[in-house]
Amino acid sequence: MLEAVAARYRPIIMTALSDVAGMLPLALELSLGAERFSPLATVVIGGIFLATLLTMVVVPVVYTL
């Protein structure tokens, strides 16, 4: 289990960070008209964070138990 998490850690974190970086300007309302989509971007960022946490911590722990 530790080997699998260690092997997949970097690609999962890189994907999550690039998604969050792409949504950040929208969430911070840095462009014209972004105020309409800001709540959606905030929810997407939260979902990516939660899914990454579940993938890297909760699923391996539950599988091990």
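Modeller: Start with the ground rules. This is a predicted model, where local features need pLDDT of at least 70, side-chain atom pairs count only at pLDDT 80 or more, and totals for chains, interfaces and linings use all residues. Residues are numbered from 1 along each chain as its sequence is written, and side-chain values use heavy atoms, with hydrogens and water left out.

Biologist: Where is serine 38 placed?

Modeller: First, the term. Helices (H or I, at least four residues) and strands (E, at least two) are DSSP runs, numbered from the N terminus. Serine 38 lies in helix α2, which covers residues 38–64.

Biologist: What is serine 38 in contact with, leaving aside neighbours within four places in sequence?

Modeller: Contact means heavy atoms within 4.5 Å. With those neighbours left out, serine 38 touches Leu26, Ala27 and Glu29.

Biologist: Where is glutamate 29 found?

Modeller: In the loop between α1 (2–27) and α2. At 43% relative accessibility, glutamate 29 is partly exposed. Now look at the backbone. Most residues other than glycine have a negative phi. Glutamate 29 is not a glycine, yet its phi is positive, about 55°.

Biologist: Which residues does the "transmembrane region" annotation cover?

Modeller: The UniProt record, an unreviewed entry, gives residues 40–63. UniProt positions are given in the numbering used here, feature names are shortened, and annotations may be inferred rather than shown by experiment. In the model, residues 40–63 are 100% helix and 0% strand. The end C-alpha atoms of that stretch are 32 Å apart.

Biologist: What is isoleucine 48 in contact with, beyond four places in sequence?

Modeller: Ala16, Asp19 and Val20. Isoleucine 48 is in helix α2, and it counts as buried because its relative accessibility is 17%. Aspartate 19 is 29 residues away along the chain, but its C-alpha is 7.8 Å from that of isoleucine 48.

Biologist: What does the side chain of threonine 52 reach?

Modeller: The backbone oxygen of isoleucine 48, at 2.7 Å. Threonine 52 is also in α2 and is buried, at 14%. Beyond four places in sequence, threonine 52 contacts Ile12, Ile13 and Ala16.

Biologist: Is valine 43 buried or exposed?

Modeller: Exposed, at 60%. Valine 43 sits in helix α2 too.

Biologist: Which residues form the nonpolar patch on the surface?

Modeller: Among them are Phe49, Leu50, Leu53, Leu54 and Val57. The patch has about 960 Å² of accessible area together. Leu54 is in α2 and is partly exposed, at 37%.

Key:
Patch = residues over 30% accessible without salt bridge, like charges linked within 9 Å, V, L, I, M, F, W, Y side chains within 5 Å. Areas by Shrake-Rupley, 256 points an atom, 1.4 Å probe, with all protein chains shown as cover. Salt bridge = Lys/Arg side-chain N within 4 Å of Asp/Glu carboxyl O. Buried < 20%, exposed > 50% of the residue type's maximum accessible area, 1.4 Å probe, protein only. Polar contact = N/O pair within 3.5 Å; in protein donor to acceptor, adjacent residues only side chain to side chain.
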